[in-house]
Amino acid sequence: MTQIDISSVSNSSIEARSSELSTAILQTPTVPLQSPLIFQKIKGCRVHLKLECLQHTGTFKARGALSVAHQIPQHKRHLGITAASAGNHAIAAAWAAQQLGLSAKVVMQSSANPFRIARARAHQAEVILKPAGAATFGEAERLVQEEGRTFIHPFEGLDTTLGTAGVGLEFLTDVPDLDALVIAVGGGGLISGVAAAAKLIKPDCKVYGVEPVGAASMSQSLIKGEPVTLDSTSTIADSLAPPMALPFGYALCRAYVDQIVTVTDDEICAGMAILQEEAKLAVEPAAGAAMAGFLGPLQDKMKNMRVGIVICGANIDAQTYGDLLARGHTAMPDFLAS
């Protein structure tokens with residue numbers, strides 16, 4: 001495998017990109033979680049939540065999408081952008097285009113939640129629906145070739161990472177003495193930026209990723225020693241379900257992530273229910289995964305630690321949320337007993 005140069009992700013480049021985006025991107029709140037349940041289950045653990053669910057478009061994705069859009073040369077901006085996504089990234093790319101006055105044609109999976117499709121259209125994007133997988137990305141590639149649009153990748157690349165690194169920069173600024181971070185992992189766009197920022201600022205801060213059992217491409221890549229593509233994925237957390245890891249994000253995870261653990265869909269739902277009851281937050285499954293990883297497979301490592309958990313998003317409709325919350329309440333007793 002070709003060696004990937006990650007030296008362009010540095011303290012100076014992260015700080016410069018964060019400053020560049022600061023007029024449009026929200027510096028989201030970092031709040032302590034006062035939870036009797038967590039205090040009882042994990043002795044001495046103090047938890048802080050980074051509320052990226054309050055970011056523009058409802059997820060951290062706005063950071064990476066706007067970061068990429070900012071780099072489009074002036075002579076290409078009139079041609080607009082495209083993106084391929086199950087939902088959150090399409091919304092974020094449409095929003096980023098809107099901020100810069102660019103046209104957007106986003107390709108979404110035909111199975112995408114109607115709520116998310118409506119949100120992308122609300123940001124003035126034309127939405128094209130295609131079957132999941134190769135057809136979605138193939139249509140975006142057609143728009144690049146035939147219309148000259150700039151493709152904003154959902155998770156891979158230097159500019160995406162520099163955008164999401166702002167989450168880590170803000171977290172460590174707000175809570176400089178963090179001992180560990182817990183971050184949900186999909187394609188690696190979020191954890192690559194947060195992990196790099198955290199380790200460059202505080203090298204002894206542990207960084208833990210959490211993937212669904214049914215979409216564990218990054219953890220399998222780290223085991224194999226190179227990016228892997230899965231034959232299929234199966235999880236309720238569609239925003240954590242890209243079937244592959246890619247070279248740049250993988251290289252950053254290999255350099256800066258201490259461990260990636262996996263959780264089941266029932267555990268993800270339990271994590272959502274715990275966030276609702278303990279933090280009063282209604283979140284999507286990806287954020288529930290981070291809480292599930294923290295309270296489940298990572299719990300023994302969390303004792304007497306000051307831990308930061310990234311609450312990555314909350315783009316979910318009421319009906320789906322209610323169904324998953326009910327599933328989480330059913331699963332919670334067994335999950336907490338483990």
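**Helix packing and overall form of a predicted model**

Visitor: At what angle do helix α9 and helix α11 pack, and how far apart are their axes?

Guide: This is a predicted model. Two packed helices are described by the angle between their axes and by the distance between those axes. For helix α9 (residues 189-201) and helix α11 (residues 247-256), the angle is about 35° and the axes are 9 Å apart.

Visitor: Is the crossing of α9 and α11 left-handed or right-handed?

Guide: A crossing counts as left-handed if the near helix is turned anticlockwise from the far one by less than a right angle, and as right-handed if clockwise. By this criterion, the crossing of α9 and α11 is left-handed.

Visitor: Which residues of α9 and α11 make the contact?

Guide: By class, the contact of α9 with α11 has seven nonpolar, two polar and one charged residues. From α9 come Ile 191, Ser 192, Ala 195, Ala 196, Lys 199 and Leu 200. From α11 come Gly 249, Leu 252, Cys 253 and Tyr 256.

Visitor: What is the radius of gyration of the protein, and what would a compact globule have?

Guide: The C-alpha trace spans about 60 × 45 × 40 Å along its principal axes. A compact globule with 338 residues would have a radius of gyration near 20 Å. The value for the protein agrees with this, being 19 Å.

Visitor: What percentage of the residues in the protein are buried?

Guide: The protein exposes about 12900 Å², of which carbon and sulfur atoms supply 52%. A residue is buried when its relative accessible area is under 20%. Among the 338 residues, the buried share is 60%.

Visitor: Is Thr 57 buried or exposed?

Guide: Thr 57 is found in the loop between β2 (46-51) and α3 (61-70). Although Thr 57 is not a glycine, its phi is positive, about 75°. Its relative accessible area is 13% and the cut-off is under 20%, so Thr 57 is buried.

Visitor: Is Asn 304 buried or exposed?

Guide: Asn 304 is found in the loop between α13 (285-295) and β10 (306-311). Its phi is near 60°, a positive value in a residue other than glycine. Since its relative accessible area is 59% and the cut-off is over 50%, Asn 304 is exposed.

Definitions and conventions: Residues are numbered from 1 along each chain as its sequence is written. This is a predicted model: local features need pLDDT of at least 70, side-chain atom pairs count only at pLDDT 80 or more; totals for chains, interfaces and linings use all residues. Side-chain values use heavy atoms; hydrogens and water are left out. Axes are lines fitted to C-alpha atoms, for helices over the stretch in contact, and angles run from 0 to 180 degrees between N-to-C directions. Helices (H or I, at least four residues) and strands (E, at least two) are DSSP runs, numbered from the N terminus. Contact means heavy atoms within 4.5 Å. Ala, Val, Leu, Ile, Met, Phe, Trp, Tyr, Cys and Pro count as nonpolar, Asp, Glu, Lys and Arg as charged, and the others, Gly among them, as polar. The radius of gyration is taken over C-alpha atoms; the globule rule is 2.2 Å times the number of residues to the power 0.38. Buried means under 20% relative accessible area, exposed over 50%, partly exposed in between (1.4 Å probe, protein chains only). Accessible areas come from the Shrake-Rupley method with a 1.4 Å probe; for residues, only the protein chains shown count as cover.
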